[in-house]
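Dear colleague,

Please find below the structure that I am handing over to you. My findings follow directly after it.

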Amino acid sequence: MQIFKNIKSTFLSLLPILAIVLTIDIFFYHIETEILLKFLVSILLVCIGESLLLTGIDSTIMPMGELMVNSVNKAAKMFIFVFFAVIFGLCATIAEPDITIFSGQVIDAGIGISKTLFVFFIGFGVGIFIAFAIVRMIENISLKYVYIFLFAIIFLLGTQVKPEYMTIAFDAGGATTGIITAPFLLAVSTGIATKFSKNKSNNEAFGMVGMASLGPVIAVLLFFVIFGEKIASGVISTSNLNIFLVVFSNAALAILPIAIVFLIYDLLLIKLPIKRKLGFVIGLFITFGGLYLFLFGIDFGVSSMGTQIGNFMASLSTPVLILLCVVFGFIITFTEPSVIVLAKQVQSTTKGNIPYVLVIITIAIAMAIAIALAALKIIYQINFFYIILVGYTIALVLMFFVPDMFTGLAFDSGGVASGPMTSAFVLPIMIALAASSSNPMDGFGVIGIVGMSPIIVLQLLGLFYRFELIHIKRADQKIALRVSYSADLYSNIEKLEHEYNKMKERKSYEKK
């Protein structure tokens with residue numbers, strides 16, 4: 001069965017993190033026994049929960065996206081489709097484990113905000129930008145110039161808010177497109193590129209996830225511009241609430257809106273048979289069960305272990321700390337399901353010319369660089385605004401030198417790279433590391449940097465790919481010239497032989 005394959009692959013992806021934590025505990029730093037035991041139980045729960053979640057997504061969320069696209073066969077229905085895509089994007093964001101984890105981290109760090117209002121702003125940003133991305137793909141508007149325009153708005157808004165709010169905005173953008181949102185968006189973008197885009201090339205199959213990741217950045221910056229003066233400082237704790245009820249309500253509130261929105265859309269446009277609807281209901285229950293176990297495992301022991309590892313790393317020398325960050329960054333990539341989904345779609349879209357293993361390894365290298373850079377930011381108190389400004393300037397410049405497909409692919413990879421383990425495990429590490437040296441708020445920004453690094457690295461891969469194509473083209477031209485020269489030479493030899501034979505015949509005739 002597919003679920004057992006998912007359990008096996010998920011466990012193998014979590015095994016390196018488990019091995020590193022146990023190695024640190026045995027040889028370098030004694031972790032409290034209670035926290036270690038909770039972490040071991042949490043790994044088991046996360047493994048089962050993520051496997052169920054992946055099974056539910058494959059059987060429910062991605063088919064929903066495909067059905068929504070396929071149901072639109074007339075221009076008159078496009079408005080209805082875009083409207084429901086916005087609502088579905090909002091609901092999928094609320095359902096996203098990364099957002100649940102991240103919003104809790106923000107509140108626990110001392111930003112006194114309404115979690116409901118904060119998550120709504122993030123989801124609203126995703127929904128609006130999904131609509132924007134759909135219109136862009138249908139009208140074939142250049143992705144390059146759209147990104148330049150959006151980043152101009154982002155950096156303009158960034159000058160109007162506090163530096164820590166800028167880090168939270170980019171972290172929100174990185175945390176948004178995760179295990180639930182990314183597969184839905186990838187299914188929708190592929191369907192639209194095939195069915196409605198004026199440009200039928202593979203270039204339009206990517207870019208929606210990356211654009212959906214920028215929506216929350218702008219929405220959260222606007223949130224802080226509007227409510228910045230009213231935000232009270234102080235830690236809001238939910239430790240007095242029953243963890244079972246809290247996680248249950250979070251999972252229920254995440255799945256129910258998706259189910260309701262799709263059922264309404266089905267009644268209006270799709271009209272599935274009862275048997276197929278029943279299959280979707282079962283798939284949603286599997287998704288709910290997986291989400292519950294996943295979130296419970298994260299809350300129960302993974303985040304607290306991240307804090308312990310952060311305390312240990314604070315005692316290390318800078319070179320050793322950076323090396324450990326590189327290792328964590330590289331292996332965590334393989335625990336992110338959305339990265340696997342994107343890599344397989346790239347291989348399918350490019351007909352195997354870009355193998356999915358190459359995409360995953362490239363993103364893993366980018367993740368390693370990103371987490372090391374986030375640690376350096378904390379140690380040397382580097383301004384996050386300058387990191388983002390320089391990084392995205394490089395990314396925007398590279399867009400004009402790489403094949404168009406790599407622009408969309410690169411920004412999509414930035415959206416999917418920062419998944420649940422980045423929010424639940426890496427962010428607490430950075431917050432603990434920052435708390436030991438300066439201000440816990442300095443730990444934020446790691447998700448934003450993780451979302452930026454793959455954009456640069458994958459575009460560099462695209463640059464290499466372009467040079468490789470030029471090299472192959474020149475090699476083919478040289479071969480063609482050689483063949484042409486050989487053909488000319490051969491034809492000349494034939495002509496000489498023909499003349500020689502005629503001369504011999506003439507001499508023979510003269511003798512006779």
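Thr60 counts as buried because its relative accessibility is 0%; buried means under 20% relative accessible area, exposed over 50%, and partly exposed in between, with a 1.4 Å probe and protein chains only. Please note that this is a predicted model, in which local features need pLDDT of at least 70 and side-chain atom pairs count only at pLDDT 80 or more, while totals for chains, interfaces and linings use all residues. Residues are numbered from 1 along each chain as its sequence is written, and side-chain values use heavy atoms, with hydrogens and water left out.

Thr60 belongs to helix H2, which covers residues 33-70. Helices (H or I, at least four residues) and strands (E, at least two) are DSSP runs, numbered from the N terminus. Beyond its neighbours within four places in sequence, Thr60 is in contact (heavy atoms within 4.5 Å) with Phe280, Gly283, Leu284 and Thr287.

Cys47 counts as buried because its relative accessibility is 5%, and Cys325 counts as buried because its value is 1%. The structure holds 0 disulfides, a disulfide being a pair of cysteine sulfur atoms within 2.5 Å.

As for the protein chain as a whole, it has 18 helices and 2 strands. Of its 512 residues, 55% are buried. Among contacts between residues at least 6 apart in sequence, 85% join residues at least 24 apart.

Yours sincerely
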